[in-house]
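Welcome, and thanks for taking a look at this one. Here is a short briefing to read alongside the coordinates.

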Amino acid sequence: MQAIILFGVLISTYLMVIAKRSTSLIRAFRYQSFCLFLATLIIAFNEKQLDLYIVAGLLFVIKVLAIPRYLYRFLNKIKANEDLGLFINTQLSLLFALGFTYLAWVFARRLIVSDYALAAIVPAAAFFMVLIGIFLMIFRMTALAQIIGLLAAENGLFLLASTVSGGMPFFVEIAIFFDVFVSVIIMGFFIYRINKLFTHIDVNKLSRLRG
Amino acid sequence: MEILFILGAPLILAILAFVMKNKKAAGIINAISYFAVLSCALLLLKRCVLSECRVSFFGFIYLDALSAFFIFTASVVTFAAALYSIGYVNKDVKEGVISGRRAGIYYSLFNLFCFSMFLVPALNNLGMLWVAIEMTTLISAFLVGFYNTKKSVEAAWKYIIICSVGIILALLGTILFSYAFAVSGVAKSLNWTDIAQVAHILDKNILKIAFIFILVGYGTKAGLAPMHTWLPDAHSQAVSPISALLSGVLLKMALYAILRFGFIIIKGVGFEYFGNLMLLLGVISLVISSGFVLVQKDLKRLLAYSSIEHVGIISIGFGLGAPLGFIGALLHIFNHAVTKSLMFFTAADAISVYKKHNINAIRGVMKALPFAGVMMLLGVFALTGFPPFSIFISEILIIIAAFLNGSYFVAGLLLICLGIVFGAFIYHFGKMLFGNLPKGIIPAGEQLSAKFAYLVLLFPILALGIVLVFKQKDLIWIAQKLFQG
Amino acid sequence: MTILLQLALFIGVSPFLSGLISKIKNNLRMRRGMSVFQPYYNLAKLFSKSEVISENASWIFKLTPFVVISSALTASLLVPVIIFSNPLVNAGDFLALIFILALGRFFLVLAGLDTASSFGGMGSSREMFISSLAEPALYLAVFAISLRFGSTSLVEVSQMHTLSASLIVAASALFLVTLAETSRIPVDNQETHLELTMIHEAMVLEYSGKRLALIELSAYLKQMILFFLIAGIIFPIAPFGAVNFTQSFFWLAWFLARIFIIGLIVSVLEVSVAKMRLFRAADFLGFAFVLGIVAVICAILGV
Amino acid sequence: MGSLNFTLLFDPLCLFFLFVICVVSLPAAIYSFSYLKGEYSSAKITLAAILLAVFIFSMLMVVTVSNVLFFLVAWEIMSLVSYFLVVFDTTHERSVKAGMIYIVMTHIGTAFLIAAFMIMYKYAGSFDFLAIKNACQAMPGGAKNIVFLLLLVGFGTKAGLVPLHIWLPYAHPQAPSHISSIMSGVMIKTAVYGIIRFVIFILGVHSGWWGALLLVTAVISSLVGIIYALMERDIKRLLAYSSVENMGIIFMGVGLGMFFINKNLPYLAVFSLAAGLYHLVNHAIFKGLLFLGAGCVYKAAGTRDIEKLGGLIKKMPQTAFLFLIGAMSISALPPFNGFVSEWLTLQGFFLGAHNVVGGTKLFLGICAALLALTGGLAAACFVKAFGVTFLALPRSRYAEEAREVSLAMRIPMFFLAALTLVFGLAASLILRLLVKVAGSASGIDISGMSFSLNNFVLSPQMGKSVYLSTPQLALVLAVLGSAGFIIYRLFAAKRDAAVSKTWDCGYYKLTSRNEYTATAFSKPFRIAFSFFLLPYRKTQKIRESFYHVKSFAYETHTTKVFKKYIYDPVLALVFKSAKSMRRIQPGSIHLYLAYIFITLLLLIIFMPKF
């Protein structure tokens, strides 16, 4: 069961890598968050803890529903170019992603203290998500991609937290959710301003401040 | 229960500022309240140094001497910034740069920002610490982009994104710490007090990797090179009182976080690992920033790079280790916070007269602003480590530590870079301060509140600089207290 | 008493030395030449004449002749002549002598500048140029000599001693320096009448009458002092000590004779070489400096 | 860290320096009031007075504190305050630039000092002078050598030793004249204090090459300093360069002392050190006097360019007289004080040569010869300075309109001028005091040594009749000079001298344009030292037609070798690398994020190394 969900996470992450347009990127992120939600639900079911249910619920509400919707609406509002602006094309990105997958696995194996070799699979997936998140932020030009990248990385951390350390303390988890939500809103606010001032959201062109 | 007041006051003030009509009155109330906060912080510091560490609110808040020290540092700078804001905002409103409503927003954000910064050192839970630091980023991003110009929005975007990435890595590090703790088989917790107690039995390998994440993550926020790139942009574009807070306090809060994790590392892995990493990043910051300071053309960016340099020095101080390096670094945190704020305020005054950030456009500050000019001149020497100002003491302590440690390379580099930065400062500020006024610049009157702010900032660095020369023993005693945790 | 005696000796003989050199030079050039006593006549004539002083001159100009003559006379008192000791036995040594002479030169040069004449300035500049470049050679020579004697005392130098290679080389360095200091060819030419080629004469161009007489006299004195020093080094053999009158007389004669020998050498040299360009003087003095180094090396080697 | 107690030290060395500081600072302070009056607003004059007081106080602290850390503090405050005084005239771009060069060079010097002190501290575990002194005995030789070199560079910067001298000719002339006189007269001497205190007293002379190195540096400094001074036409800058020269002479004495300490020749060591100290106090006095004199000229004529001056002796006779005294003593003319100390230093070389063997003799001889050359050039330089400034005809309206300065400015100068004579005449007394200072500084017992015969006669060498008695010389000079004058009066009584025009080869009107200029005066030297000065000229003809040149401008300059070939390339390199460093921040957020990521990766990869 977990494996299937993990598989879903991986697929959705790869989808993010090959996404060329903003909408597809947001959609991929939604899938990813949904898979994560399922995973959390299963853990909650296994451990029979109330707070984990709440966390899963929050995850669903915020990351699957609220944020993607907010971003969609936002995109419509600013009527920005759909193109994500790729520094390196999708094929190459995919190669990178494969490399990252391996890297994440190696890293997780070294890190995770367990006799059971497969225990590192979930953390590896989490690391992979973080890596891809950062990858997106570095190699995609628009501001939107950076937000999604950040969220993806954050998703990875969530996964990591809930597997390796049995989740964060409850109120910390809530606070982090709140934090993420607020930060996305604030970033959206700034994208809005960028679009207004520069008439594009291609942050690569923001290079007035240098040296 | 001073901490309640320290944390509560900004929150109340934030609401008050938002609803109050008379923004000038709001500013004055602000300043007065921050004076109260400063006094409370002083009391707190005294109590924490003299008596034991305290954990309260279900282990949620933890105060030892170190946190009290950071809170105190923050309170000094926030008080001065609150004072300075009165005149600054007033002027902006008068000149029509910002509306009265936005002035209210400014004060609210200011207070929220201060709240978040006071919160950081008070927290026990490492996860909440992370949340608090992220909160500082989010709030201050508005203050960076406050003027809503192309440059400021660009700066704000870079600030928020780069810091968020950093902070994501820090969260990863935090999770790994908690993983290390979880693996050790003790109860599930993210409280620093719990983890620090069992640090020696934690898995070294995980701790090491976790700390790298923490270092890079919070290091981004602290402005350690090469993750410093957001810093000059944000500092140069922020509202000037906020630049001072960013440089003086925010960077230090990130350092505080590193330090908290560092204690666990020192206990769990050994000092050398922590020291070497800090030294490495410190040296890189120092070298890179000194180059940038030399060829800088923008006044506020110049100061921002100097902040990177000083963070580098602090980091080197921590890297060199106890006791001298630590004392020096801690002292330097305070000194730099205060001195750099002074510089930012005077720079803001100059910029408001000349309407330009460009160093070449600013000439004859001494004539345009006699008081601020003198303060700037003193600030230059204070910042570059001349006695009788206190940075001299902290720098010399760090240099001594380097020599005692046998890190001659670091010591030499430190001396060279300090020399370069000093030369650059004299070069730039000599041109700005002296000489004749350019045409069309009318010497404007100086704000009374600003003058007060300068004096508030000048007093501690001068007093410390003079007193500390004679009182090293007490200093060591206090430092030992600071590291009881 | 000895002080007065020595002063009298120097004042009395030094113009004669100059006259003698001039006479020999002229004879060597197959001219008849003026009388050897011509300098005395000149001095007497100058003393009887009234002076013309430049309207631009200040008190420096008026004071200078007295400073110059006093420095020359003081220097002459530092030299041990009469009783193997100098009258001012405690007052100074070889180095002090050089400094004392520098005092006179300093004022002379200022006086040259004082009258706003371009010739005076030119002379001053060149005089300082040559004298300052002569310094190192001079001091190296003295250094070599002092290595030989163990001190810079003029009394020691003038005692009986054996001649050595280092002394001879040092004396030749000293000799070259002396040529430069006493305005001799190849560095300067005392007999020139063209202002542009003068050095010493250009400086004192504005002087006339009694003041000129004093300056001329001090130049004679300086020349004699320097010749004496060279002579004392390379002709160390005194016939006997000054015991009685006759012996003293012979001794004095020997003293004068060896100075005249130096004078002879100078005059021969003066007629046989041409005057150098000013900037060649640096090379000339450089050569003297090298001689000085050679002298020091010889002294170190003990030869 | 050890405890730090703030105690002051009053050993003979400190007392000596206290004396030097006071003897120059007091006249300068008195002078300052009337000097500043009329130039600045009263608020600024008050500021100047406060700064002056702090400046003097900081110097006093520098020479009396007994603790390295306090020394450093006092040292930095001294630099800082003097910087403020250099840029006191803030409206001049030149002051600001001069101040910048000064403070940056000083700071670099201080960095070296800090390094040296820290190494000392590492071995001693204490900042206290005596504790360090004790600990230094156990310090390994290599460390000692490094400390010595660091100290040499650190103090050498302050002292203006070539090639670290470049700040001096900028900073000293830019400050108000009384400050120049204190800076040149006293402040740079604190570096000598530093060398004596830290190298000789605390560290102890470890190797023979220390003294030799200092000696060579000193010789080069004095030569370079005086050659530049000779070329200079700004009177205060000329004096500043001459300070470089004189610091060289002082360091010759000190270096010689170190050399002899290492050779285990205590008598000579004390003697040379005392000679250096003697020149130090002398230089303080006459350079103070000269700078005050230059200040009077500047105040009266409004320019420091001696090519525009001339004939001031008639307008301001007393200042001229006082300046002449200063010029004579700096040119080492008997019976003034400069003569005594230069004689002593030369004797140091000469005597030393008898006690060493082989090539060292030649080394000392050449040093002595070069010192003599320096002396000769110094005389030429001050003939030029005095002659062109005060003698002949005024070369510009500035000089024509000059008037004698106020009495309050002359009195301090009279005081200093009197001191030059006193320090010349009372030589043997003063030497006896100075050997005590030198003895205590070098830790040599001087009770069995004798340096003078009686109260009037110096005798550096027992058993040989080498004596110097300035009172005798002065007496003889005065008697013979007045005798000459009396004889002259006897003959001249009949007719007075006629006053007429200067000889002009028949040219009908001789003006100041016919005078020899300072540039012309120094031309032979410029040509003789052209290999070092690298002179170049600029000519500019303005023609009316091909045949008729309307005006002709001719300028000659010398190349500042050290600036051009040492400092400029280094600075250019630093700036170039800093500029190329800027390229790492081109404004791309993606690149910035990549930095973070790469840093993270590298740190993780190299984790085992930490």
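**Chain C and its contact with chain D**

Val52(C) has Ala498(D) as its bridge partner in strand 3 of chain D. This is a predicted model, in which local features need pLDDT of at least 70, side-chain atom pairs count only at pLDDT 80 or more, and totals for chains, interfaces and linings use all residues. Residues are numbered from 1 along each chain as its sequence is written, while chains are lettered from A and ligands numbered from 1 in the order in which they are written.

**Across the interface**

- Strand 1 of chain C and strand 3 (residues 498-500) of chain D run parallel, joined by three bridges; strands pair if DSSP finds at least two bridges between them.
- The contact (C-beta atoms, placed from the backbone, within 7 Å) involves 74 residues from chain C and 71 residues from chain D.
- On the side of chain C that touches chain D, helix 5 of chain C gives the most, with 19 residues.

**Chain C as a whole**

- Chain C has 11 helices and one strand; these are DSSP runs, with helices (H or I) of at least four residues and strands (E) of at least two, numbered from the N terminus.
- Its radius of gyration is 19 Å, close to the 19 Å that the globule rule gives for 303 residues, so chain C is as compact as a globular protein of that length. The radius is taken over C-alpha atoms, and the rule is 2.2 Å times the number of residues to the power 0.38.
- Along the principal axes, the C-alpha atoms of chain C fill a box of roughly 55 × 45 × 45 Å.

Conventions:
Two residues are in contact if their C-beta atoms, placed from the backbone, lie within 7 Å.
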